[in-house]
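New notebook page. I want to go from the overall fold down to the inside of the protein.

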Amino acid sequence: MSCGGWSETKPTDEDVSLLCRWMQNISESETNRTYDEFTAVEYRSQVVAGIKFLVKVHVGENDYVHLMIFQSPLLGNTIETQFLGVQGDHKLEDHLEPFEPSSLNEYLD
C-alpha cells in the first residue's frame, strides 16, 4: 500500500475489531439505532498522518454499517483514536468505498 492510497479489502483482525467495539456507542448515536450485534467483518486502510480505517460492520441479518476511524501514530506514550463517521443501510455485498467524514468534534474531546 502506498502512502495516501487505500489498501485492498482485507479480513478484519483483532486490532480493527477492538477499534470498532470502541466506536459502537457513537455509531448507534449517529444512526439513531441500537445494535445487538456489532461485528467487524472486513476493512481497508489508508496511511496518512496516522492510519484511517474503513470498516464493514455486521449489525444483524443482512444489515451492515461502514465506519471510518482515524488512529494517530504513537506520540510519546499516546495513540489518539477518532471516530470520523458512519454510513448505515449497507449489505454484505456492498464494497467499502471511502466517504466524507462527519464533523463530530464533540466526540473527540
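My entries below go from the whole chain to the sheet, the helices and the cores.

**Ground rules.** This is a predicted model, where local features need pLDDT of at least 70 and side-chain atom pairs count only at pLDDT 80 or more, while totals for chains, interfaces and linings use all residues. Residues are numbered from 1 along each chain as its sequence is written, and side-chain values use heavy atoms, with hydrogens and water left out.

**Whole chain.** I found three helices and five strands in the protein chain. (Both are DSSP runs numbered from the N terminus: helices are H or I with at least four residues, strands are E with at least two.) From the N terminus on, I read the order β-α-α-β-β-β-β-α. The radius of gyration, taken over C-alpha atoms, is 13 Å; the globule rule (2.2 Å times the number of residues to the power 0.38) gives 13 Å for 109 residues, so the chain is as compact as a globular protein of that length. I also noted that 42% of the 109 residues are buried, meaning under 20% relative accessible area with a 1.4 Å probe, protein chains only.

In what order do the five strands sit? They form an open sheet in the order 1-2-3-4-5, with antiparallel pairing. (Two strands pair if DSSP finds at least two bridges between them.) Strand 1 (10-11) and strand 5 are the edges, each pairing on one side only. Two bridges join strand 1 to strand 2, and P11 has E42 in strand 2 as its bridge partner.

**Helices on the sheet.** Helix 1 packs on the sheet and touches strands 2, 3, 4 and 5, with its direction at about 70° to that of strand 3. (Axes are lines fitted to C-alpha atoms, for helices over the stretch in contact, and angles run from 0 to 180 degrees between N-to-C directions.) Helix 2 (residues 24-31) lies across strand 4 and strand 5, at about 50° to strand 5.

**Cores.** A nonpolar core is a set of buried Ala, Val, Leu, Ile, Met, Phe, Trp, Tyr and Cys residues joined through side-chain atoms within 4.5 Å. The largest one has 18 residues, and C20, F38, V55, V57, V65 and L67 touch the most other members. Strand 3 gives the most to this core, with four residues. I then picked V55: leaving out residues up to four places away in sequence, its contacts (heavy atoms within 4.5 Å) include V16, C20, A40 and L96. A second, separate core of six residues includes L54, F70, L84 and L96.

Methods
Buried < 20%, exposed > 50% of the residue type's maximum accessible area, 1.4 Å probe, protein only.
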